[in-house]
There are 2 protein chains.
Amino acid sequence: MNKRKLVVIGGDAAGMTAASKIRREQPEREIVVFERGNHTSYAACGMPYYIGGLIDSEENLIVRKPEVFRKKQHIDVRIRHEVTEIDTVKKRVKVRNIDKNMDFWETWDDLLIATGASPVVPQSENIDAPGIFSLSTLQSGINVNNFINENKPAKAVIVGGGYIGIEMAEALLARSIEVTIIDMAPQLMTSLDKDMSDQILAYLKEQQVKIFLEETLEKFTKNADGSVNSVITNKQTLPADIVIVGVGIKPNAGLAANAGIKIGKNGAIHINKRCETSALNIWAAGDCAESFHLITHEQVHIALGTVASKHGLTAGINISGGNMEFPGVMGTAITKFKEMEISRTGLSEKEAKNLNIDFETAMITTVSPASYYPDAKEISVKLVINKQSRRILGGQIVGFEGTGKRIDSIVTAITAGFTAQQLMDLDLAYAPPFSNVWDPVQIAARRLL
Amino acid sequence: MNKRKLVVIGGDAAGMTAASKIRREQPEREIVVFERGNHTSYAACGMPYYIGGLIDSEENLIVRKPEVFRKKQHIDVRIRHEVTEIDTVKKRVKVRNIDKNMDFWETWDDLLIATGASPVVPQSENIDAPGIFSLSTLQSGINVNNFINENKPAKAVIVGGGYIGIEMAEALLARSIEVTIIDMAPQLMTSLDKDMSDQILAYLKEQQVKIFLEETLEKFTKNADGSVNSVITNKQTLPADIVIVGVGIKPNAGLAANAGIKIGKNGAIHINKRCETSALNIWAAGDCAESFHLITHEQVHIALGTVASKHGLTAGINISGGNMEFPGVMGTAITKFKEMEISRTGLSEKEAKNLNIDFETAMITTVSPASYYPDAKEISVKLVINKQSRRILGGQIVGFEGTGKRIDSIVTAITAGFTAQQLMDLDLAYAPPFSNVWDPVQIAARRLL
């Protein structure tokens with residue numbers, strides 16, 4: 001019977017996945033979780049759909065509540081408790097009970113840091129004005145939703161045209177709000193190459209989203225009541241009743257850094273494949289920690305639910321005495337904007353160039369389902385391969401309903417080390433309601449032969 | 001300049017893919033194609049959707065017409081010309097000009113047999129009654145469509161609950177016809193295991209399709225005008241204004257067999273990976289020929305558009321002096337019935353059992369998209385793995401919109417020789433509109449760890 005006391009900092013995906021796994025493996029062990037927010041285990045990725053009105057209540061986004069963890073799994077979850085210091089020598093953490101405004105020390109034998117990530121907040125004038133939001137915790141999503149319900153904003157400006165930006169554009173349009181996106185880059189969705197991203201741009205414009213690229217946020221102006229009035233860029237003034245800032249996220253690694261735990265050059269807590277940090281008996285998992293990139297073989301920071309869950313499982317298995325290595329990431333991501341589905345994996349052309357890889361690309365546009373089938377719509381597939389080995393390095397898909405998840409066959413092919421020829425040779429599924437005889441992914445591969 | 005004369009028997013997917021490829025590689029070569037039917041290069045798989053009214057005109061199913069092959073590609077396509085004999089010694093074929101009711105001999109240096117497959121037609125009494133159809137050529141689809149337009153049938157009986165059966169059930173329902181399916185097997189869709197197939201059965205019943213399993217066709221009765229009146233099974237009499245018989249297909253290998261060309265034990269023309277038959281300078285491709293199965297390493301007969309296209313490409317490259325090996329099949333197939341999507345690849349549990357493989361299976365039911373997302377619907381995934389090596393042998397998916405093509409990641413994983421663990425470790429794409437954090441395919445894999 002393992003009597004080692006485990007403390008987990010952070011009660012969302014990574015932390016609670018680990019805690020739950022450990023509870024299953026070690027029913028008698030003491031597990032304490034400190035979560036500074038109001039909620040545990042929630043689907044943060046679902047927030048835009050909740051704000052957009054597709055999901056009735058924030059309750060639906062909560063996978064498991066603190067009281068359920070306590071009663072059903074005997075995990076001592078304490079919300080509104082913020083860990084403010086890690087003492088690696090005395091093996092204890094300093095905890096602030098936010099409601100009681102009181103600090104105390106809690107000891108541990110094993111410590112799991114799962115502090116997540118926070119949105120990057122530009123230090124622009126009036127950034128704190130009511131009506132300006134970033135999305136991070138569930139509470140932040142609830143705040144946006146409440147603001148819309150109470151203030152019925154007519155015009156929104158979204159700063160940043162990445163995943164959060166386009167998902168929030170869909171959400172705000174669904175709430176009958178006029179949407180303008182500004183981005184300092186020359187394209188939306190910079191994790192895709194510009195040739196692919198341009199199709200997203202065209203579709204968003206078609207759907208009445210105003211977009212200003214290569215435009216920089218300078219500051220905000222306020223109304224008499226203090227709420228946001230406009231966004232001032234380096235080129236113009238955009239009236240705004242609500243502003244969403246989605247310009248990136250940074251790992252919450254300060255607590256670990258202050259304790260002398262090694263931080264990677266990407267700013268996230270350095271962990272090995274077992275999710276162990278540089279400090280004995282201290283583990284890290286989820287958005288606060290690094291991941292191993294399967295293609296570049298570098299440590300990267302990728303804050304996604306899939307990674308957090310796998311990190312959590314890895315840490316949980318290892319903390320409870322098992323042995324699991326985190327399998328690594330390749331930067332797979334998917335999203336949608338209205339009917340358009342967008343996915344990517346591996347290296348983009350841009351990334352391959354930056355890594356000085358000798359590469360080749362193919363980008364094709366065809367239709368899915370079969371050309372003669374009703375509602376056949378354009379789908380573009382881009383592949384990046386190593387010029388010498390012909391192995392696939394990355395893929396990008398921009399299509400419509402039912403096409404985005406086709407990135408998974410490219411993910412699998414890359415993981416297997418397949419060449420373009422091997423991708424083309426696959427016995428993929430075909431029927432007219434899905435595609436033409438040659439799957440779009442294979443048409444792209446064929447272009448590279 | 002290659003002056004060898006090529007004769008192709010059969011002007012559909014395999015034959016015309018090969019002929020087109022050869023034309024591109026060898027612009028000066030003489031290419032003659034004999035097609036006994038009225039059409040070339042058509043999308044046979046699209047016929048149920050045409051009959052169901054989703055596709056306006058049969059013209060939309062035709063990829064390329066004979067006159068286009070003649071004018072644009074200088075391929076001498078002759079429709080309504082049936083090859084009735086292959087003379088391997090004098091290197092010639094005997095051809096019947098159907099309209100002129102006249103026979104002639106045509107010589108060749110290379111011969112490609114692409115004669116396709118035909119539906120199995122039970123030798124039941126009155127099988128030739130008007131109103132009883134099988135689907136094979138485009139003309140057969142046009143005939144069904146015309147019959148429905150002219151006779152407005154109220155009740156249909158479909159004999160056979162396989163791919164054609166359920167696709168035609170959807171089509172006939174869309175034409176406001178009451179549909180009854182009979183099948184002698186204890187389940188629909190025998191290429192899937194019963195546990196998966198039972199979900200298809202339940203959905204079809206929910207959609208008002210009457211289904212009678214373990215019931216055998218005995219004969220048909222006719223109306224006074226000779227048209228079909230009812231289907232008599234071993235258990236009952238089912239009134240029928242139209243009958244679709246879809247109980248399997250057989251390769252059109254008689255022409256080759258009569259010429260002494262080797263036929264496989266599955267009844268299809270034996271070919272090697274280069275699509276060469278046992279006779280010198282004679283090739284075969286498409287539904288009339290065998291394929292190499294990547295998992296069982298046996299020669300199998302799989303009549304699908306994907307195989308025909310790849311056979312055609314392989315034969316075309318090799319006939320024009322190149323070198324390509326057919327990459328093999330693993331029995332991947334996909335279809336849909338209304339909103340339900342059904343796909344499979346590799347070995348089913350049943351097949352693994354028959355092959356005396358020591359296997360293990362997992363079948364899970366979850367939802368897609370994410371559980372809190374609107375319209376989250378059940379999806380079931382079944383995996384079959386080798387018990388010792390843990391390698392994946394097969395997969396089956398029964399779900400709703402956007403789930404069927406997820407079989408492709410299983411196809412790719414099997415091709416790569418992945419274990420269940422490797423499948424679970426993949427960095428697959430996740431966002432709430434598509435699935436929960438763990439993709440259904442990975443949840444199934446996890447069950448096997």
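User: What share of the 449 residues of chain A count as buried?

Analyst: This is a predicted model, so keep in mind that we're reading a prediction. In chain A, 53% of the 449 residues count as buried. To get that label, a residue needs 20 or more other C-beta atoms within 10 Å of its own.

User: How do you know whether chain A agrees with a compact globule?

Analyst: A compact globule with 449 residues would have a radius of gyration near 22 Å, and chain A has 23 Å, so the two agree. The C-alpha atoms fill a box of roughly 65 × 60 × 40 Å along the principal axes. Inside it, chain A has 12 helices and 25 strands. And if you take the contacts in chain A with a separation of 6 or more, 64% of them are between residues 24 or more positions apart.

User: Which elements give two or more residues to the side of chain B that touches chain A?

Analyst: Start with the totals: 49 residues of chain B are in contact with 49 residues of chain A. On the chain B side, the elements giving two or more residues are helix H8 (305-319), strand E21 (333-337) and H10. H10(B) has the largest share, with 7 residues. By type, that side of chain B divides into 29 nonpolar, 13 polar and 7 charged residues.

User: Why are H10(A) and H10(B) called roughly parallel?

Analyst: Look at the angle. The axes of H10 in chain A and H10 in chain B, residues 407-415 in each, come within 8 Å and cross at roughly 15°. Angles under 35 degrees count as roughly parallel, so H10(A) is roughly parallel to H10(B). The crossing is right-handed.

User: Which residues meet where H10(A) and H10(B) touch?

Analyst: From H10(A) you have Asp408(A), Ser409(A), Thr412(A) and Ala413(A), and they meet Asp408(B), Ser409(B), Thr412(B) and Ala413(B) in H10(B). Those contact residues divide into 2 nonpolar, 4 polar and 2 charged.

User: Where is the cis peptide bond of chain A, and what is its omega?

Analyst: In chain A, the cis bond joins Ser368(A) and Pro369(A), with omega about -5°. Pro369(A) is in the loop between strand E23 (359-368) and strand E24 (377-386). Chain B has a cis bond as well, joining Ser368(B) and Pro369(B), and there omega is about -5°. Pro369(B) lies in the loop between strands E23 (359-368) and E24 (377-386) of chain B.

Note on methods: Residues are numbered from 1 along each chain as its sequence is written. Chains are lettered from A and ligands numbered from 1 in the order in which they are written. This is a predicted model: local features need pLDDT of at least 70, side-chain atom pairs count only at pLDDT 80 or more; totals for chains, interfaces and linings use all residues. Axes are lines fitted to C-alpha atoms, for helices over the stretch in contact, and angles run from 0 to 180 degrees between N-to-C directions. Helices (H or I, at least four residues) and strands (E, at least two) are DSSP runs, numbered from the N terminus. Angles under 35 degrees count as roughly parallel, over 145 as roughly antiparallel, 65 to 115 as roughly perpendicular and the rest as oblique. A crossing is left-handed if the near helix is turned anticlockwise from the far one by less than a right angle, and right-handed if clockwise. Two residues are in contact if their C-beta atoms, placed from the backbone, lie within 7 Å. Ala, Val, Leu, Ile, Met, Phe, Trp, Tyr, Cys and Pro count as nonpolar, Asp, Glu, Lys and Arg as charged, and the others, Gly among them, as polar. The radius of gyration is taken over C-alpha atoms; the globule rule is 2.2 Å times the number of residues to the power 0.38. A residue is buried if 20 or more other C-beta atoms lie within 10 Å of its own, exposed if 12 or fewer, and partly exposed in between; C-beta atoms are placed from the backbone.
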